[in-house]
Amino acid sequence: MLLQAFRNTMKLASSLFPNQWRLLASSPQLYLQSFIFSSASTTKSPTLRQYRNLQTSVSPVVTSSYLPTSYITQKQIETPSSPEKKGPPVQESLGAFQKLPMVMPSIDLYSSALRKSKRVQPTKGIANIAKRERNRGAKQLDAFMKELALPLKGYMESFPRRRLLHPYERSLIELTLGDGKYEEVLGKVDALRKKVLSVGKEHASLCAKALSKREAEDRLSEGVEKLELVFQQEGRAVDDLLSIAKVLRAMPVVDLEMPTLCLVGAPNVGKSSLVRILSTGKPEICNYPFTTRGILMGHVILNYQRFQVTDTPGLLRRCDEDRNNLEKLTLAVLTHLPTAVLYVHDLTGECGTSPSDQFQIYKEIKERFKDYQWIDVVSKCDLLGGGSPVMYAKEDRSNDEEEIIKYRVTGPDEAFHVSVKTEQGLSELKSKVKEVLSNEMEKIKSGVVGVDPSVASS
């Protein structure tokens, strides 16, 4: 009977482990002796001596199958083959800022973690007072460490990497927060997390090695004080991250499937007043440059269709390298978002930018974004009076061309002359806006709308 069992076993082994079978076949007597001895010992537990002469094999899991180590190369063990190769990280669409997590203030995070850790009780059944106390202290320190570190880890995983954001949102981060500020704060939060883990593990280990109840209590107090000191010194990073989340979450949401009208022009030419007339946006209106300190998004409904209207900071006459972040925000909207442009001109002299400078800014922007649908508007026409052009004392008119002379009087060709105060020209302007936005909607539906690569690289 034993011989028949041995034969069945060897037959099964030869089919499952051919390599091991060849090794065992060289000494069948030794294997039979071990097999008989282990089968006979039914009442006693096996000992190390009984297994001394048995050969074993390691079978790691590779692609959900158990295979002997001899059939797998080391490279296959370290990097199991996968039927699908992972591609590059996918770039996120617009709206990532609205998905940011709620960040707790550092003081609230610390207080919540400390309160939860104090509820942790020692393991039941420990009769020795010293052992019970050091068990409680180690468990509380470990819980305190995790309650601090896990939210920080969640923040690191939930805040998107800037390189994966939409180009428009990448520009918003850089221009709103400053170059490198976003990555710097996330790096400090991650450094705080690592410091909390290091300090927490160290003091939990010391507490677990305490020799008396008093020593365990002291180790627990030292660990809590040390973690509190770490948060006092480096917890500012959490508050900075909270501020960043508030700023980014307040950014206007742009829908790429909805036509957008972007109002552009020099500072204080009346863009914000037109936004209030044309849409639901309520921008601040004051008589000083750069009233608009960010991107403001409003909406307008025409024939039961919803459209976006964007108010942008004003542009000055200077090269891109000298522009401030507010001006760069305007260029970011034009560069990265499919929009129609409503360019506003002020020939009254009230805006603080001379008509000559406005003309040069206008020519530069229109040349750069010449493929966009365009509407020209001359604002404050009720103040133009008899049509005599406004002259600035510092303007040099000696080299004026015919084009700029005409611009000073009437603005660009086919421009709409409007006045928010008297409502002159507003109905015609609204009809033109409706026409342009309807055309933009048709482009979006047909998939034609897109940012020109040459424009995006400029």
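**Notebook: sheet and helix packing**

I counted 16 helices and 8 strands in the chain; helices (H or I, at least four residues) and strands (E, at least two) are DSSP runs, numbered from the N terminus. I note that this is a predicted model, where local features need pLDDT of at least 70, side-chain atom pairs count only at pLDDT 80 or more, and totals for chains, interfaces and linings use all residues. Residues are numbered from 1 along each chain as its sequence is written, and side-chain values use heavy atoms, with hydrogens and water left out.

**Entry 1: the chain.** I looked up burial: 41% of the 458 residues count as buried (under 20% relative accessible area, 1.4 Å probe, protein chains only). I then took contacts (heavy atoms within 4.5 Å) between residues at least 6 apart in sequence, and 72% of them join residues at least 24 apart.

**Entry 2: the sheet.** I traced an open sheet of 6 strands with mixed pairing, in the order S4-S5-S3-S6-S7-S8; two strands pair if DSSP finds at least two bridges between them. Strands S4 (296–302) and S8 (416–417) are at the edges with a single partner strand each, so one side of each has no neighbour in the sheet. S4 pairs with S5 (residues 305–311) in the antiparallel sense over 7 bridges, and Gly298 has Val309 in S5 as its bridge partner. Helix H15 (residues 426–446) packs on the sheet and touches S3, S4, S5, S6, S7 and S8, its direction making about 160° with that of S7.

**Entry 3: strand S6.** I found 6 of the 6 residues of S6 (residues 340–345) buried, so the strand is largely enclosed by the rest of the structure. In a regular strand, side chains alternate between the two faces of the sheet. Here Ala340, Leu342 and Val344 are buried on one side, and Val341, Tyr343 and His345 on the other. S6 runs parallel to S3 (residues 260–265), joined by 5 bridges, with Gly265 opposite Val344. S6 also pairs with S7 (residues 374–378) in the parallel sense over 5 bridges, and Val341 stands opposite Trp374.

**Entry 4: helices H8 and H9.** I looked up the axes of H8 (residues 181–208) and H9 (residues 213–234): they come within 9 Å and cross at roughly 170°. Axes are lines fitted to C-alpha atoms, for helices over the stretch in contact, and angles run from 0 to 180 degrees between N-to-C directions. H8 is therefore roughly antiparallel to H9 (angles over 145 degrees). Residues in the contact include Leu192, Val196 and Val199 of H8 and Leu220, Leu227 and Phe231 of H9.

Note on methods:
Parallel < 35°, antiparallel > 145°, perpendicular 65-115°, else oblique. Buried < 20%, exposed > 50% of the residue type's maximum accessible area, 1.4 Å probe, protein only.
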